[in-house]
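Colleague: I am new to this structure and would like to learn how its features are read, one after another. Could you take me through them slowly?

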Amino acid sequence: MEHINPFTNAMKNLHRAGAALGLSAEAVEKIGMPDSIIQRELTITMDNGETKVFPGYRVQFNNARGPYKGGIRFHPEANLDEVKTLAFLMAIKCAVVDIPMGGGKGGIQVNPKALSEGELERLSREWVKTFYRDIGPDKDIPAPDVYTNPLIMSWMADEYSKLVGEDTPAAFTGKPLEVGGSAGRDTATAQGGFYVFQELAKHKKMVPAETTVAVQGFGNAGYHIARLFHEAGYKVIAVSDSKGAIYDKRNGGMDPENIMNTKKQKGMIDGCYCVGTVCDCENYKLISNEDLLKLNVDVLVPAALENQIRSENALEVKAQVVLELANGAITPEADAELYKRDIIVLPDSLANAGGVTVSYFEWLQNKNGESWTEEKVFTELREIMARSFQAMWELSQEKHIHLRDAAYLLGVQRIADAMPTAKE
């Protein structure tokens with residue numbers, strides 16, 4: 001299979017949106033050009049006394065609407081093309097939910113699992129020492145991403161404060177609560193996705209007790225979205241982790257909490273459904289992740305990895321609605337196939353924007369010296385996600401386009417409106 005540069009795909013989408021919006025060639029070129037591409041080598045002393053060098057990155061995309069915002073990933077395959085694409089998509093995502101921020105993404109090419117905690121802390125602090133002049137609470141606010149977490153953000157925020165000589169919690173988001181993190185951040189991605197789905201459910205008059213759901217992926221986002229569906233009365237009949245999926249043959253619905261307890265005990269999702277010590281192995285079946293995507297359910301939630309629904313399996317998707325909670329879970333070719341078959345796709349650019357929205361709330365709280373309750377966080381999040389869904393839905397109906405294109409057009413238009421060169 002020919003390798004397609006993800007940034008090339010992103011630029012094709014941008015040019016298509018620019019043409020649909022009637023933007024000038026200059027405006028489209030400006031939106032598609034990073035403001036900064038920063039690559040530096042990070043050198044730390046390992047536990048054995050040897051020094052080791054790691055490539056570090058930060059890409060910043062379009063601050064016309066506000067400071068750059070986006071995660072830092074620690075991954076052995078982190079590379080510039082990936083980071084650049086994700087920074088651009090973050091700019092689009094922030095504009096789709098209409099929060100006043102641009103796009104950023106950073107990373108270190110490293111296998112964090114091969115480092116001790118001390119080495120990981122030294123590397124995290126070294127990234128800040130190396131990049132701190134390029135970031136800051138009014139310039140570029142990093143957050144966690146792949147293989148980074150609140151502890152790493154706390155180290156980074158502490159290092160930044162030391163370097164600038166004052167406590168600056170707003171320089172990073174995704175921090176632990178005790179050092180300025182936001183209530184609700186752990187569940188924000190799933191919560192935001194569920195709010196988007198609820199808006200669609202109103203339009204489609206979906207009845208929870210009559211609606212079946214399958215969730216691919218049982219990490220943070222997947223577990224919480226399954227829990228939210230279950231608590232709202234929907235029938236969650238299949239969930240999966242990286243090792244396989246469990247399917248309820250009776251379509252009766254499962255409690256994700258019980259599945260999580262079993263997973264913690266056994267290290268994987270088991271073919272039986274257990275409540276305490278009582279297990280039902282007759283009515284539940286162990287299937288593959290690929291089989292889960294093909295189940296005859298009303299709602300399918302890819303919440304694991306990218307490129308799960310592809311041209312070769314899109315024809316076998318039977319769900320009425322796909323809630324794309326994972327980034328890039330559906331390839332462009334599969335997306336077109338789903339649209340042709342009248343399957344509604346709630347796109348990742350809105351469906352998983354709850355995380356960055358609550359990161360924005362954390363930044364606001366830190367800037368203003370506030371600490372919001374979880375109730376306030378989720379009330380504000382619901383309002384933003386509902387309003388963003390409505391704008392996307394109305395545009396899709398008006399222009400007879402699918403929701404992904406509508407979201408993209410909204411995001412690009414809002415960026416263009418903030419740029420003097422686009423107002424010709």
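Predicted model: local features only at pLDDT ≥ 70, side-chain atom pairs only at ≥ 80, totals over all residues.

Colleague: Which residues have the most contacts inside the largest nonpolar core?

Modeller: In soluble globular proteins, nonpolar side chains tend to be buried together. A nonpolar core is a set of buried Ala, Val, Leu, Ile, Met, Phe, Trp, Tyr and Cys residues joined through side-chain atoms within 4.5 Å, where buried means under 20% relative accessible area, exposed over 50%, and partly exposed in between (1.4 Å probe, protein chains only). Here the largest core has 90 residues, and F88, F197, F229, V301 and L346 have the most contacts inside it. Apart from it lies another core, of 25 residues, including L115 and V128.

Colleague: How many salt bridges does the structure hold?

Modeller: A salt bridge is a side-chain nitrogen of Lys or Arg within 4 Å of a carboxyl oxygen of Asp or Glu, and the structure holds 27 of them. In one, the side chains of K105 and D145 meet at 2.9 Å, N to O. That pair links distant parts of the chain, 40 residues apart, with K105 in strand β4 (residues 102–109) and D145 in the loop between β5 (140–144) and α5 (150–164); helices (H or I, at least four residues) and strands (E, at least two) are DSSP runs, numbered from the N terminus. K105 counts as buried because its relative accessibility is 4%.

Colleague: How many residues apart in helix α13 are E383 and R387?

Modeller: An α-helix has 3.6 residues a turn, so residues three or four places apart point the same way. E383 and R387 are four residues apart in helix α13 (residues 374–399), and are therefore separated by about one helical turn. The two form a salt bridge whose closest N and O atoms are 3.4 Å apart. E383, at 48% relative accessibility, counts as partly exposed, and R387 counts as partly exposed at 42%.

Note on methods:
Residues numbered from 1 in each chain as written. Heavy atoms only, no water.
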